[in-house]
Amino acid sequence: MRSRSTARWKAGAICPELEAGPEKMSAPSVVVFDLGKVLVDFDYSIAARKLGPRARLADPDLQYLLCRSPLLCQYETGAINTAQFHRGVCRAAGFNLALEEFRACFGDIFAEIPPMIALHAELRAAGVPTWVFSNTNEIAARHIRRRFPFFSNFDGYVLSYEHGALKPDAKIYEVLERQIGRKGGAILYLDDRAENVAAGAARGWRAVLHETPRKSRRAVSDAGLLVSQL
Ligand SMILES: [Mg+2]
């Protein structure tokens, strides 16, 4: 769950590529949520502040190590496991922390985004299938599952570290399509990163750049998936 953001188009709504797609007329029947900055906010500086007093590495290098480094990329693609990531961070940061203590510091950086949790709950109440589609890691997923009850209420999860690929790699989009058994305009997809949205739109998904809860709610409502309006 890396923290860089590079929005390329505005106005949220539907990606322009969809206008010419053959799936334009398909009605979405499943909603796919990105996790970070869509359902939960996150702040790696929280972990950096907890770990900083023990580290040889100073900010901003410690934050880089925790939130944007090649080591995290390896972890989130599943190339290394939690124990290897833990050892790698300890070595690079210059501290010696037990794994469980490291988990507590590294994982506890999330907060729910209430209007998006409410939107998800409405979809569930309406019987709409929902999935999580996230670039993330085992520590984060375990923490979120234990801490936030909403996370247990999806039909399925496609998490990067379990599939060897990060969004926007086409490989992980193919995994999602296979698992949910749907393609193209049947999939309504919300993600806060433009490159991830573009990769979904290129496959004909009804891909929405999440910028605000209000805008995403409107997109879901316009797709005919909500009873109540704003
Ligand atoms: Mg995100």
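**Loop residue**

Arg54 comes out partly exposed, because 14 other C-beta atoms lie within 10 Å (buried takes 20 or more, exposed 12 or fewer, partly exposed is in between, with C-beta atoms placed from the backbone). This is a predicted model, where local features need pLDDT of at least 70, side-chain atom pairs count only at pLDDT 80 or more, and totals for chains, interfaces and linings use all residues. Residues are numbered from 1 along each chain as its sequence is written.

I placed Arg54 in the loop between helix H1 (44–51) and helix H2 (61–67) (helices are DSSP runs of H or I with at least four residues, strands are E runs with at least two, numbered from the N terminus). Leaving out neighbours within four places in sequence, I found Arg54 in contact with Phe95 and Leu97 (contact puts backbone-placed C-beta atoms within 7 Å).

**Helix H10**

Which residues of H10 are buried? I got Ser216, Arg217, Ala219 and Val220. They cover an arc of only 160° around the axis, so they sit on the same side of H10 (the arc is that of directions from the helix axis to the C-beta atoms). The buried residues pack against strand S1 (30–33), H6, strand S6 (187–191) and strand S7 (206–209).

After H10 I noted Gly224, with a positive phi near 85°.

Note on methods
Contact = placed C-beta atoms within 7 Å.
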